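Trainee: Could you take me through one part of this structure closely, the sheet that draws on both chains, and then show me how it sits in the rest? I would enjoy one connected account.

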Amino acid sequence: MKHIKVVAKRPFWNIDKKHDCRECQTPCKSACKTSVTVGNQVCEVKKPIKRWIW
Amino acid sequence: MGKVFSGSSVHPFKFNEKFLILDVNTGSLLDVDEPAFFFVEKLIKTDSLEEAEQETGKKFGNAAAIAEEIERLYKDQLLFSKPPNYFESDLRLKSMCLNVAHSCNFACKYCFAKQGNYGEKTALMDFNVAKQAIDFLYKGAEGRTHLEVDFFGGEPLLDFDVVKKIIPYARKTYPNKKWRFTITTNGALLTKEIEEFLYDNDVSIVLSLDGDKKTNDMFRVLPNGGGTFDVIFPKIQYVAKHREKSGGYYVRGTYTSKTMDISKTVLDLHNFGFKYISLEPVVTKDKSINIEKENLPALRKEYEKLAEEYVESQDKDKWHFFHFNIDLEAGPCIQKRIHGCGVGVEYLAVSPDGSLYPCHQFDGVEEMKLGNVWDGIKNKKLQEQFRKANFLFNKKECATCWARFYCSGGCLANNYTMNHDIFKPYDIGCETQKMRIEAALYVQTKLREKGIYLDTTTSEEFKDAVK
C-alpha cells in the first residue's frame, strides 16, 4: 500500500463463554494503583512464561 | 441505520511526526500519510467514500489510490470494523487488597489515605483477620486458578510480621491455587532480610518514589516535614539491583500539577538504574495540586517528549515505562477489556478490622462499606451497583469512546472522588488516559520500525500473524 502501512492487525480475541477465564491480573495489582490500565495488562494464557506477575 | 464509517469505530490522531489510525473494534493500528489521514477524517464526517475522495482530491490531488486502499482495509476488517462479540461476564472474587496498616511512617501531602490512617484510628491488622480474609478469598474464588493478594497501607512493612506469616499460610492451606502476592511500600523499613524474604516468596514489589530528590521531597515527606529521598533511595536501589535480572518490581511515582515535568522524572528514574517505572497522576479535590483542564496541553507535550526519548533510548537499554506497555497483537481478550478492574466484585479491600470495601481507595468511606471477612458481603445492593458499573457499556460516555478497550471504563474510585458517582467518568482522568494510550501506540509503532518488540509482545504465533 502506498499511503497506509499496517502496524498491527490482529483483532482482539473474541471468546465464547467457556473461555471467559478471567485469570489475568487485576489492574490495581500492577503498577498503577490509582487508575484502570487493562490495556497495559497481558493475557494469562498467552503471556510469556515469567516468574513474576509483570 | 447507523453510519458505516462511524467515528466511534476509528480514532485518527497525530502524535509527534506521525499520523496514526486506531481501528477501535479490533485494535489494528495503521501508520498513514497526511492525505490518507485527511481522507479518513472526511470519511467520518461525511460517511461517504465518494465525498471523502473528492475533498481529499481537492486538497492533495488525485485520491483514488487512497480510496482503493481504504476500501481494501474495510473489506479486510482492519478499518471501520464491526464491533466484537461480547457478553457480561460472571464476575467472582479473585483478588484482594489487605490494608494491613492504617498507619504510616511518612506524611505525604497528597496521600488519599489521609497520611496512612484513612481518617480512622491508627491500626494494624492482626493475623486472625488476615487469615480470615484469605479463607474468605478462597471460598469466594471457587473455580479460579490464580488468586491475588496485595499488601497495602499506610505502610504495610509496619505490619511485616503478619505479611510474613500470611503468605505461607495461604500457600500451605490452599496449595491447589496459584497465589500471587504484591506489596506496595515506601521502602523506608526495607532491610536485606525483608527483601530476601519477599524475593524468595515470589512477592512482586511496588516501590514509591516520585523522582529525583527535589521532586520527591516536595510531597513525600516525613511527619516532621523533612524529605524522604535520602532515607529510601539506597533501599530502593538495593531492591532494583537485587531484582535486576528477574524483574518483579516497579518504581512507581505520583505526579501533580506542581511536578508535571514527567519526561524528566521518568528519565531521571531510568538514569538512576531503574528498569521498571510507572507514574500516575494525583486525583484529588485539592485544585492546587490536581491535574486540571488547563494543565492538559503541557502534559501532552511532556508525553510527546517522553515517547520520543523512550524510543531513542531503547537502542542502548531495554527498560519499561508502564504506560507504554501495550501489546498490539495479544494483550487481554475482549471480555477483560469490557469489564474494568472488577472493583467491588472481583476485587475487594480489607481494612485492619476486617471490614470489606470495594477497593483500597474506598477504605474508610462508611457508605462504601460492603461487609466484613466473617459475615461476607452484607450490602448486596451496593455490590450490585459495582457489578453494573464494572461493565463498560453501562456507562454512557464510555460506550462510544475510542479508548474504551484500553481503559475499560476507567477507575470507579476516581469517579467517586471527583463526581461522587461511580457511573460518571472523571473527565480529566479520561483525557490523561487517552493521552497515554496515544503515546503508547506511537511508541509501539516507532519501536517496530526499529525492529524492537517489547517483552509484552508474546509468542511467535502472534509475531507471525502480523507478517
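Mentor: Happy to. This is a predicted model, so let us begin with confidence: chain B has a mean pLDDT of 94, and 97% of its residues reach 70 or more. For the complex, the predictor gives an ipTM of 0.91 and a pTM of 0.94. One stretch calls for care: over residues 457-467 of chain B, pLDDT stays under 50, and the model has 19 contacts beyond four places in sequence for that stretch.

Four strands make up an open sheet, and their order is 1(A)-3(B)-2(B)-1(B), with antiparallel pairing. At the edges are strand 1 (4-8) of chain A and strand 1 (10-15) of chain B, each of which pairs on one side only. From one strand to the next, the twist averages 25°. As a reminder, strands of a sheet pair through backbone hydrogen bonds, either parallel or antiparallel.

Strand 1 of chain B runs antiparallel to strand 2 (residues 18-23) of chain B, and six bridges join them. Within strand 2 of chain B, Ile21(B) is the residue that stands opposite Pro12(B). Helix 1 (residues 34-46) of chain B lies across strand 1 of chain A as well as strand 1, strand 2 and strand 3 (28-32) of chain B. Relative to strand 1 of chain B, this helix runs at about 140°.

What does each chain bring besides these strands? Chain A has zero helices and one strand, and buried residues make up 56% of its 54 residues. Arg22(A) is found in the segment after strand 1 of chain A. Its phi is positive, about 50°, although Arg22(A) is not a glycine. Most residues other than glycine have a negative phi, and most peptide bonds are trans. Arg22(A) has 21 other C-beta atoms within 10 Å, so it counts as buried.

Chain B has 17 helices and 15 strands. Its radius of gyration is 23 Å, close to the 23 Å that the globule rule gives for 467 residues, so chain B is as compact as a globular protein of that length. The C-alpha trace of chain B spans about 75 × 45 × 45 Å along its principal axes. Of the contacts in chain B with a separation of 6 or more, 67% are between residues 24 or more positions apart, and 50% of the chain's 467 residues count as buried.

The largest nonpolar core has 136 residues, and Leu98(B), Ala133(B), Val251(B) and Ile277(B) have the most contacts inside it. Leaving out residues up to four places away in sequence, Ile277(B) touches several residues, including Val251(B), Leu269(B) and Phe322(B).

Two backbone details in chain B also deserve a look. The peptide bond from Gly153(B) to Gly154(B) is cis, with omega near 20°, and Gly154(B) lies in the loop between strand 6 (146-153) and helix 5 (160-173) of chain B. Ser408(B) has a positive phi of about 60° although it is not a glycine, and its place is in the loop between helix 14 (404-407) and helix 15 (412-419) of chain B. With 26 other C-beta atoms within 10 Å, Ser408(B) is buried.

Definitions and conventions
Residues are numbered from 1 along each chain as its sequence is written. Chains are lettered from A and ligands numbered from 1 in the order in which they are written. This is a predicted model: local features need pLDDT of at least 70, side-chain atom pairs count only at pLDDT 80 or more; totals for chains, interfaces and linings use all residues. Two strands pair if DSSP finds at least two bridges between them. Helices (H or I, at least four residues) and strands (E, at least two) are DSSP runs, numbered from the N terminus. Axes are lines fitted to C-alpha atoms, for helices over the stretch in contact, and angles run from 0 to 180 degrees between N-to-C directions. Two residues are in contact if their C-beta atoms, placed from the backbone, lie within 7 Å. A nonpolar core is a set of buried Ala, Val, Leu, Ile, Met, Phe, Trp, Tyr and Cys residues joined through C-beta atoms within 7 Å. A residue is buried if 20 or more other C-beta atoms lie within 10 Å of its own, exposed if 12 or fewer, and partly exposed in between; C-beta atoms are placed from the backbone. The radius of gyration is taken over C-alpha atoms; the globule rule is 2.2 Å times the number of residues to the power 0.38. pLDDT is the predictor's confidence in each residue, from 0 to 100.
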